[in-house]
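This briefing goes through the strands, the nonpolar cores and the aromatic pairs of one protein model. Please look at the sequence and structure before reading on.

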Amino acid sequence: LLFWRFTEFGGPIHQRPVQDVAYVVARFIQRGGSFINYYMVWFLNFHEILSRAIKMCQRTLVSADPIVTSLGSLQQDYVYTSETGDCASFLSNYTKFAGRVLFNNMHYNLPPWSISILPDCRNVVFNTTKVYIKRG
């Protein structure tokens, strides 16, 4: 994962919105990734919030590979289930438009280019578009 670009002496300083960084990290975890090194993003407040959301899914994420389901045009769900019946879900919207999807007999609003984490396959505890830089 590459979050930062090198700056050429005297050149423009490249910055990515914190929401982009959260999206990339959540997408990596959603697709089965592990071993995130937060060294370069420690100052972002989403680190603690995202870590908490992932920790809530921990047992389920390591139990099996996800089942990927299409929920619409470029909206997907990655569902992880454990042998004990625990369930975790990542609802994804890969478009520049907001979407509304039906999952587990419930409707979810998905902002553009976002991933929502549902550690119990019902309640959203984290969405990548709702993170901000901690100031001060």
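Which residue of β5 does L102 stand opposite? The residue is H107. The model is a predicted one, and the points below are grouped by topic.

**The β4-β5 hairpin**

- Strand β4 covers residues 99-103 and strand β5 residues 106-110; the two run antiparallel and are joined by 5 bridges.
- Between β4 and β5 there are 2 residues, and together the strands form a hairpin.
- In the turn, N104 has a positive phi of about 50°.
- F103 and Y108 form a tilted aromatic pair, with 6.3 Å centre to centre and 50° between the planes.
- F103 counts as buried because its relative accessibility is 8%, under the 20% limit.
- Y108, at 7% relative accessibility, counts as buried as well.

**The open sheet**

- Five strands make up an open sheet with antiparallel pairing, in the order β1-β2-β3-β6-β7.
- Its edge strands are β1 (67-72) and β7 (126-127), each of which pairs on one side only.
- Strands β6 and β7 run antiparallel and are joined by 2 bridges.
- In this pairing, I117 stands opposite F126 in β7.
- Helix α1 lies across β2, β3, β6 and β7, and runs at about 55° to β6.

**The nonpolar cores**

- The largest nonpolar core has 20 residues, of which L50, I54, L61, F90, I117 and F126 touch the most other members.
- At least two residues of this core come from each of α1 (18-30), α2 (46-61), β2 (75-81), β3 (87-93) and β6 (114-118).
- Helix α1 supplies the largest share of this core, 6 residues.
- Another core lies apart from this one; it has 9 residues, including V79, F103, L110 and L118.
- With neighbours within four places in sequence left aside, L61 is in contact with I29, I54, Y80 and F90.

**The aromatic pairs**

- How many aromatic pairs does the structure hold? There are 3.
- One of them is the edge-to-face pair of Y80 and F90, at 6.1 Å centre to centre and 70° between the planes.
- Y80 is in strand β2 and F90 in strand β3, so this pair ties together parts that are 10 residues apart in sequence.
- Y80 and F90 are both buried.

Definitions and conventions: Residues are numbered from 1 along each chain as its sequence is written. This is a predicted model: local features need pLDDT of at least 70, side-chain atom pairs count only at pLDDT 80 or more; totals for chains, interfaces and linings use all residues. Side-chain values use heavy atoms; hydrogens and water are left out. Two strands pair if DSSP finds at least two bridges between them. Helices (H or I, at least four residues) and strands (E, at least two) are DSSP runs, numbered from the N terminus. A nonpolar core is a set of buried Ala, Val, Leu, Ile, Met, Phe, Trp, Tyr and Cys residues joined through side-chain atoms within 4.5 Å. Buried means under 20% relative accessible area, exposed over 50%, partly exposed in between (1.4 Å probe, protein chains only). Contact means heavy atoms within 4.5 Å. Axes are lines fitted to C-alpha atoms, for helices over the stretch in contact, and angles run from 0 to 180 degrees between N-to-C directions. Rings of Phe, Tyr and Trp (its six-membered ring) pair if their centres lie within 6.5 Å; planes under 30 degrees apart count as stacked, over 60 as edge-to-face and the rest as tilted.
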